[in-house]
Each structure stands twice: as structure tokens, then as C-alpha cells.
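Please read the following briefing alongside the sequence and the model.

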Amino acid sequence: MPYLKDEAEIDKYIGEIFRRSFVHPDTEARVKKAGLRMRVDYAEPDTVMMVDMQDLTVVVGSDAEDLEWDVALAMQADDGHKFWLGKLNFTVAMTKGKIRTKGPVAELLKLLPMAKYLFAQYQEILAEDGRDDLLAVQR
Amino acid sequence: MRAVLLHGVDDVRVVDAPMPEIEEPTDAILRVTHSAICGTDLHCMHGAIPAADSDIVLGHEFAGVVELVGDGVRDIEVGEEYVASMFVGCGTCAGCLRQESRSCMYFGMFGMGPAWGDLQGGQADYVRVPFADRTLIEKPSGVDVTDLLMVSDILSTAWTALTNSNVRPGESVAVVGAGPVGQLMVMCAPLFGASQVISIDLDANRLASAAELGAIAVNAAEVDPRDGVFDVTNNQGADVTVEAVGNAAALETALGVTRMAGRVAQVGTLVDAHMPWTAGEMFLRSISWSPILGEPLLHAEALSKLLAAGRLKPGSVVSHEIGIEDAAHAYELFDSREANKVVLTTE
């Protein structure tokens, strides 16, 4: 049973963390400077997320499928959830093959430092929604 | 004698050419029985190789019978069958002693024009072979001449790429391009211990040939080749990838399907192409990239033994045998990919 049960929950929680990154004081400038169009293909549940750091938009679902991207990731939705809880090491996951990457890895790695500012935000989003079940994740 | 002349860009014709003669004591004259058309010949034909686009007798893959030897030739027997290495070298300079053909001060390549030693090619009835003791490789007993012919270039190139990439047992090898060279990579990689060989191309027929040789086929016309490779390598990419097409897009594919800290070998001929990735991206991914020039002379002994033992049957990539008088048509067939590999015969 996956942590996030459907596309709507991926949008509501992981999509939201990216939306907050556009305005968070510690990440806003970094996101805009990166200007990347990042595609993430999630599995179980299956969906596509497009994070456009030029237009500052997040699109989840079939509307995201045909949008152009600069870098692309593919992973289990559970691993996406664990990452935002700070419980998945991105580079180790890449090396182990848990995360598939396409496009310039250098651009992706530049974004990693901002994630640490957002881990607490992700917990906040889940807590605000009363989702203690999603906070209780083992490594 | 008959010779296949590149008269100008996209103009290949069979002409009456003067017979070659012994010029140096170390020369031999070979009566060519079989010669093959290589992808590099097509690059010449299309004007893509500097100084190799006109007035060249083509052909660097050829085999035949020795007709005449110079006074300085010691070990080559008149009347015996040999295949020539595509490269010529003196065998005694520092470069040759380092086993680097390209470093020889007398380096040459048959049929590639003045920038490559200005040697007449072997798509002809006769050809002069410099440094014959070293350049000619004896035909082992029982080996088919078509199999041996592949040692002159494409089999040696495949073997050199896998050797120089240090393919280790258990590793995965991806090959971008399922043409004749790519197919021979598929054939050879298991002998290095590769656990799987993945063949990538846009051409379904060529992929089918690679699959028959044991490759996992990835049709880049139908699927992102990165997904095709990641799907069978636990999302990590291939340990070693060989680019066997010869364009920047294929090189980009090769880089993209290779795992972190993997190795990419460049076999396809590139002239004007830029590296599709930045140095920074290469560094961050710790990708090693190396250009490959096949070394027939370095690997001739091993390959001859593998041919004699029946462990390799490279002649199986040959789809057409055509008389040399129809060479222009043969080039059309190969250029249009209607033919997988063409051998021209003189008898």
C-alpha cells in the first residue's frame, strides 16, 4: 500500500511543496535562478508532475505529459514522499537506481541544497492536513 | 585493372586504373579477391572526411593472394592468402612499439586520401601493400575468407573498443548503432564476460539482426533509449557504452544511457561534431570517453585464433556479395541500408 494513495494526493502534498518553494524566502531566489523545467514521473500511484521554475507553475496529471522539460526524474511515489521527509538520500538513491535521471545532472544537483529548507515545510503541510499517518515513515 | 574510384562527392565509379608496382623493398602486391565496403567509405563518399572526397581508389578492408614481394619482404609467401590491416605502420618506431598505429611516423590507411598516407585502396583487382611483413595477416587454415576479411577493420575495431573500455565480467554493454560494427560488438562482448548487451538503433531490421546475435533490442524510434537501457539495468545505465554510428546525436544517446562513472567508447567517425555534454557534466558524472581506432595488428593473433576455433563468425554480418564491376550499385545498396554489409568480389 503506497503512502500517497492517488494522483490528487501527489498534487496536494508534493506539488504543494514545490509551490511553496516559489515563495519561500530561503528558496525563491534559487528556484528562479535555476529556471529549470523539471519533469517527475511517479510510479504507484502513476502520474507525471511538471515543475516549471520559469513560469512558477506545477502541473500534475495528464496535462503535464506533453510539456517540454530540461531534466527528468522517475521514481516510486513512496521514494518521492520519503525524500521530502528527509529520509531518502537523493544521490545514493540515484546510484542505487531508485531514481532515474535524464538531462544535465549538474542542474539537478544545484537544486538539492534548497530541499533542506523545505523538509520542515513538507511536514507542516502534512500536519496541517491531519496526516500523521504519512509522517510516520520508516527509512 | 579495375578499381573503385571516388571521383567526387557521391560519385563512385569503376575505372580502369594502372597496375600498382613495388615501390619499396618491403612492399608486396596483393591480388584482391574480396573487399568490403565500410561505413567510413560512405563518409568519404559524402565528403565528410577531410581531403578524402575525390580521386581516391576506395577500400581499406580487403583480402587476397600475394602476387609479388619486394626484396626486403621475409615472411610473406607468394601465392598464399592474406588479409591486410586497414592501417599501415613501420613496426619499429616508438609509436609502433607502443602499439599505437596512429603514432607511427609512416602511418597510413588504405583508400583514405592524402591526409591518411595517400595509399591506393583495396577495392581493386590489385593493391600495393607497404610494410607487407607487418601489414598482411595470414589466413588460418579452415577459416572462411569472408570471416577473415572482417579482421581488417570492423571486427578489430569492435574488439579494440571492448578491450580499451576494459569490459569486465558481469558488466552490461550498450551499443548505439546496430550496423555491422554494432553487430560485431554484440557478437564479441560475451567473450569479455558481458552479462548483457543492449543494442540501440532506429532501424528495426538491423535491431532484429542484433537480437539474433543475443542483444536486447531497444528501438529508439519507439522508446526513449535511456528508458530502454534503464529498464534493464536497474535504472543505473550501462557500465560501458559504445557509440557505433558516427554522429553527435548518437554520441549524446551513448552518454545518456551510461551509468554514473561508466565508460563510453567512440567508434563512429566524427569530424566536426562537438561533445554534446559540457566538461562539467562529464566530470560530475565521472564519465570516461575515449575515441577508438581499431588496432587490427595488435589483435590479429587473438582474433585469428578465435576465428579458427569457431568462436566468432563475423562473416555472418555480410548480406551481399557483388562483383566489383557493380560497385556503384553496391554503394547505393549499403548507403540506403538495403544491404547490411557488402563484399565486392573480383573473380
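**Sheets, cores and rings in a predicted model**

B:Thr241 stands opposite B:Val264 in S15 of chain B, and this bridge belongs to a set of five that join strand S14 (residues 238–243) of chain B to strand S15 (residues 258–266) of chain B in the parallel sense. Helices (H or I, at least four residues) and strands (E, at least two) are DSSP runs numbered from the N terminus, and two strands pair if DSSP finds at least two bridges between them. This is a predicted model, in which local features need pLDDT of at least 70 and side-chain atom pairs count only at pLDDT 80 or more, while totals for chains, interfaces and linings use all residues. Residues are numbered from 1 along each chain as its sequence is written, chains are lettered from A and ligands numbered from 1 in the order in which they are written, and side-chain values use heavy atoms, with hydrogens and water left out.

**The parallel sheet of chain B**

- Six strands of chain B form an open sheet in the order S13-S12-S11-S14-S15-S16, with parallel pairing.
- Strand S13 (216–219) and S16 of chain B stand at the edges, and each has a single partner strand, so one side of each is left without a neighbour in the sheet.
- From one strand to the next the twist averages 20 degrees, where axes are lines fitted to C-alpha atoms, for helices over the stretch in contact, and angles run from 0 to 180 degrees between N-to-C directions.
- Four parallel bridges link strand S12 (residues 196–201) of chain B to S13(B), and B:Asp201 stands opposite B:Asn219 in S13(B).
- Helix H8 (residues 225–232) of chain B packs on the sheet and touches S12, S13 and S14 of chain B, its direction making about 170 degrees with that of S12(B); contact here means heavy atoms within 4.5 Å.
- S14(B), helix H9 (residues 248–256) of chain B and S15(B) make a right-handed β-α-β unit, right-handed meaning that, with the strands pointing away from the viewer, the path from the first strand over the helix to the second runs clockwise.
- S15(B) also pairs in the parallel sense with strand S16 (residues 288–291) of chain B over four bridges, and there B:Val264 stands opposite B:Trp289.

**The antiparallel sheet of chain B**

- Three strands of chain B form an open sheet in the order S2-S1-S4, and their pairing is antiparallel.
- Strand S2 (11–16) and strand S4 (56–57) of chain B are at the edges with a single partner strand each, so one side of each is left without a neighbour in the sheet.
- Two antiparallel bridges connect strand S1 (residues 2–8) of chain B to S4(B), where the bridge partner of B:Leu5 is B:Val57.

**Nonpolar cores**

- The largest nonpolar core has 48 residues, of which B:Met150, B:Leu155, B:Leu162, B:Val173, B:Met185 and B:Leu312 touch the most other members; such a core is a set of buried Ala, Val, Leu, Ile, Met, Phe, Trp, Tyr and Cys residues joined through side-chain atoms within 4.5 Å.
- Among the elements of chain B that give two or more residues to this core are helix H5 (154–164), strand S11 (172–176), helix H6 (180–188) and helix H11 (296–308).
- Not counting residues up to four places away in sequence, B:Leu312 touches several residues, including B:Leu155, B:Trp159, B:Met187 and B:Leu303.

**Aromatic pairs**

- Over all chains there are ten aromatic pairs, for which rings of Phe, Tyr and Trp (its six-membered ring) must have centres within 6.5 Å, with planes under 30 degrees apart counted as stacked, over 60 as edge-to-face and the rest as tilted.
- The rings of A:Phe83 and A:Phe90 have centres 6.0 Å apart and planes at 65 degrees, so the pair is edge-to-face.
- Both A:Phe83 and A:Phe90 are buried, where buried means under 20% relative accessible area, exposed over 50% and partly exposed in between (1.4 Å probe, protein chains only).
- The rings of B:Phe107 and B:Trp116 have centres 6.1 Å apart and planes at 55 degrees, so this pair is tilted.
- A:Phe18, A:Phe83, A:Trp84, A:Phe90 and A:Phe119 form one aromatic cluster.

- Leaving aside neighbours within four places in sequence, A:Arg20 is in contact with A:Thr27, A:Gln121, A:Glu124, A:Ile125 and A:Glu128.
- A:Asp79, in helix H3 (residues 77–84) of chain A, is buried with a relative accessible area of 7%, and A:Asp79 touches A:Leu88 and A:Lys98, not counting residues up to four places away in sequence.
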